[in-house]
Amino acid sequence: MNRWQQYIKWILTCLIFFALPLLMIITGLVNYFNGSEELAYEKHFGLLKKVILTLRQGENTSDYLSSLVKRLINSAEKSQNPYAILEKGISSLNERFPKTFHFYVTDNTGKIIKSLSEPNSSNFVLNLFFQIMKENLPIAGGLRKYEELKKPWSIIQSFIGPDIDIEKLFGNHRIFLEVNSTKHKRRFFYGITRKFGLFVHADESANWLHLGITDLIKRFQHYGKVSDVEVGMKLPETPLPHSPIGKAISIFYQTARENQITNEDLITLAALETTGILWAKSPKLKVCNNHFLRISLVLITIILFSILCWFSFTIMLGYESMYFSIRWRLITLFSFASSLPLLVIFISSWDYLSQKYKTQEQQTFDQIERSMRAIDQQFLFVRGTIEAKMNRMFDGQAFGTEEEKLVVKRKLKIIAKTAQQTQICMYDKNGDEIFSIPEPTKEELNKKGRKTLGKAVANIISSINNEPVTNNDIGSMLLESFGGVTDPISLMRRTLGRIADVNFGTEASLTYMKALYSHDNKATHIIVVNWKKEDAEINYLESRIKREEKKLSGVRLFATTRDMLWGSSGSFKFLRKVPSITTGLLLGQNISTDHLYSQGKNFMVMGLSTKELKRVYLYAAFSDQKINENIYRQKCQLGGFALITAIISIFLGIILSQKFLHPIEDLSQGVLAVQNKNFRHRVPKGENDELGELAEMFNKMIENLHEVSMASEVQKRLFPSGVLTSGEYKVNGKSIPASQLGGDYFDYVAIQNRFLLVFIGDVTGHGVPAAIVMAMCKAVMIECSNTGADAQKILETLNRTIFQSMKRKLLMTAGAIWIDTITHQTSFFNCGHPFPYKRDVNGELSMLKSMGDTLGFREKLKLQPNHFTLQPGERILLYSDGLVESIDNDDGKSHYDHFSKYLHSRPLLPLESACDDILENHSYIKTGLPRPDDFTILIVERTTGLPSQENPLPLSSS
């Protein structure tokens, strides 16, 4: 593998094994940070919305000022020194609303307190007004006595204002009323208590519409407990500010988006009825600041990625080596392969569970809303059920005989018993009340209201019987007051047999009327069943809420009347904890939601403005504990799944590593046995797979190696051993094969005790074929030496044998020295082999040359021998080409030049060690690398007169 391929492999490794997991982890953490930011922003938007709702309580200036004055009256009424409280409160209100209020205070007798009142106040008018109003405050029953006020009304009206009438004044106690609609508009407020009387005029200034909100904004900015929150208001006539607020208001105009996030702020806006815009903002960094964590995460990731890349670079590109077992590589690979998709699933699931919390919360809100709306709508069904039941009871019922009268009265008692707080009356055709439950006192019978109703009933019976209707102005006035139509008799006739909404003055009621007929089909009596609507709604809610709470496990339901005069169990205590809910409903919201943290739990709260229950608000509170437990359980399941998957992955990695490693260990033992030349060792076969096939192949290889080893032993025995001495001549040789079966062959043999044959050959190739050729050479040598053949005949026989056996598939170079040990005549025969060197007594080297064919090349061998006489002390060195070609020749000279220098550098050692010296000091042998070819050296020496040489030259000198 070249360098560029290694770099590409390293880059891909870093991207897949390091960058991808880190990128996925960063994605998960970024999603977590984004989710936490969104949650924090959502929570803070809820806080800003509460601030907006609080400020919107001053949207109706008259109601806001009325609430402030009423609060002052209540505080003073509870105090032992009410005038001190009034003085302090009047001073505070005048300071908050300069040139707006004019206060008048009287004691409990109506005498004016001048120190607390406007100068030049009329004591007579205030005293008169105080006395009349104290005696004629609203009376139970809905009717008000204001006849006593009619006579002095013009005097009192001069003090209050020209645009007010008596009935409106009596019906709006402790409320600022518009009393002067001229250029200087004025409003009036009065409050009568047992200890004092308070009368207030308020002048409408130019900023009257926004006076309440402006005051709340100032007080919030001065006393606000919500830190880092700014509030303000944009009026219609003012231009948009050049700021984030102005941009947010512009977006609000275009999209009506209440909650907005700018680069620096969170902003909540709300439109006012006066077309103004109310806003509240908070710095975004104060709400949620993950900037430092995000930067830290990026830096840590970069550092970790750099360390991992550097570590892998040093390992993969060869600067450092580190041992990693296959077992751990497999375990790591399987763990990574399983953990990568698992990480994707884990991150996606975690984000899904975070979103599921909101989904389940919304689903719970939707379920509760449906139940609350069912409570509201079910009231109509209950009314219809009662209406149908009473119609079944009285349809076709006559009231003539005594028995029939008893039946009717019994049925009416049943209604009175089952329906709580019910008033039942029966009138005859003359309008006389003949039966009632409960029985009225004499005073109640003489009340104008009951008698007026009786006369109206008489008119209805006459209308049913097509008889003339008696003109009764009082009855008509009464019917118009609660019917709202100009033909009340027709209205009342149409509502017979139905439960109708009726308003007696300011009091709402539910009224059921049913006519009873005689046997001649004439209406004789009318039954009137009346409930106070508020009481009916309360009775319905008290039973209905309990049933709904059983259906909605863990949800608490509450209900109050809109004027907070009644509340279900614990509702007022609950509403004090979440005033924003009621505030939102009072400001016209159909549904209002909020969060409440109490007793270590987070509660979701919802308020609903009812439609059918006209005077009721419904509330629900539930803890998110079950949702959190469900999400936590699913998170635990997810974590358990991840853990189990990781364990299974590691286990599979171990199992698979065992499956791979056991056969590999067996093969390693086999390799070690081969290294130790234990060719009898066998590897277990194993399973029927690729590793099993490899084990079988390895065993066959060992068998072959065993055969080769035996062949190698046989081949070694083909070489002569030790030094051969024949007369004055000595011969010694040595061969180091490149493999177990080499291709070099040498031999030396004495023939007929006179001739000496020295032979060296090099078969092309190695292995078994070369060994066969060598065996044939040995056989020819033995046979020819026994017959006394000379060197030329031996070479010709050997050539003919190789040619006929190998058919030119294998050739053999050879060199032969034939010496007559008596006459010292020497002949050199060369068959394509490197020329030998002759070394004289002075150590000079000369190359012996001779020409001839390579053995096995052609059937008839051509030779040109070189004849000479070997002098005493001279040596002939025969060698194979492996010794020459393995020498470096970086200087441009030939291999033979370097080899001759090397031979010249070697000392003149005894023949027994000269061959070892040449081989062991060879430059390639010292590198320790595997030999590229067989190394063979053969030396022939004539011993007589052999000079000696001391201090031989070292190898480096060559």
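Visitor: Why is Phe 199 called buried?

Guide: Buried means under 20% relative accessible area, exposed means over 50%, and partly exposed is what lies in between (1.4 Å probe, protein chains only). Phe 199 has a relative accessible area of 0%, so Phe 199 counts as buried. This is a predicted model, in which local features need pLDDT of at least 70, side-chain atom pairs count only at pLDDT 80 or more, and totals for chains, interfaces and linings use all residues. Residues are numbered from 1 along each chain as its sequence is written, and side-chain values use heavy atoms, with hydrogens and water left out.

Visitor: Why is Phe 129 called buried?

Guide: By that rule, Phe 129 is buried because its relative accessible area is 0%.

Visitor: How many aromatic pairs are there by the ring rule, and what makes Phe 101 and Phe 176 a tilted pair?

Guide: Rings of Phe, Tyr and Trp (its six-membered ring) pair if their centres lie within 6.5 Å; planes under 30 degrees apart count as stacked, over 60 as edge-to-face and the rest as tilted. The count by this rule is 25 aromatic pairs. For Phe 101 and Phe 176 the ring centres are 6.2 Å apart and the planes stand at 35°, so the pair is tilted. Phe 101 is in strand E1 (residues 101–107), while Phe 176 is in the loop between helix H6 (166–171) and strand E2 (177–180), so the pair ties together parts 75 residues apart in sequence. Helices (H or I, at least four residues) and strands (E, at least two) are DSSP runs, numbered from the N terminus. Phe 101 and Phe 176 are both buried.

Visitor: What makes Phe 129 and Phe 199 an aromatic pair, and of which kind?

Guide: Their centres are 5.6 Å apart and their planes 55° apart, and this pair is tilted. Phe 129 is in helix H4 (residues 123–135) and Phe 199 in strand E4 (residues 196–203), so distant parts of the chain, 70 residues apart, are linked. Phe 129 and Phe 199 also belong to one aromatic cluster, together with Tyr 104, Phe 159, Phe 188 and Tyr 190.

Visitor: What makes Lys 281 and Glu 230 a salt bridge?

Guide: Their side chains meet at 3.9 Å, N to O, so this pair also meets the definition. It links distant parts of the chain: Lys 281 is in strand E8 (residues 277–283) and Glu 230 in strand E5 (residues 230–234), 51 residues apart. Lys 281, at 17% relative accessibility, is buried, whereas Glu 230, at 45%, is partly exposed.

Visitor: Which separation along the helix do Lys 405 and Glu 402 have?

Guide: Lys 405 and Glu 402 form a salt bridge, with the closest N and O atoms 3.9 Å apart. They are three residues apart in helix H12 (residues 402–418), so about one helical turn separates them. Glu 402 is exposed because its relative accessible area is 56%. Elsewhere, salt bridges that share partners join Glu 230, Asp 265 and Lys 281 into one network.

Visitor: Which residues make the nonpolar surface patch?

Guide: Ile 8, Ile 11, Leu 12, Leu 15, Ile 16, Phe 17 and Leu 333 make a nonpolar patch of about 620 Å². Patches are made of residues with over 30% relative accessible area and no salt bridge; like charges are joined within 9 Å, and nonpolar side chains (Val, Leu, Ile, Met, Phe, Trp, Tyr) within 5 Å. Phe 17 has 35% relative accessibility, so it counts as partly exposed. Helix H1 (residues 3–56) gives the most to the patch, with six residues.

Visitor: What makes the patch with Asp 891 one of negative charge?

Guide: Asp 888, Asp 890, Asp 891 and Asp 897 gather there on the surface. Asp and Glu count as negative and Lys and Arg as positive, with His and the chain ends not counted. Asp 891 is partly exposed because its relative accessibility is 47%.

Definitions and conventions
Areas by Shrake-Rupley, 256 points an atom, 1.4 Å probe, with all protein chains shown as cover. Salt bridge = Lys/Arg side-chain N within 4 Å of Asp/Glu carboxyl O. Charge placed at Lys NZ, Arg CZ, Asp CG, Glu CD.
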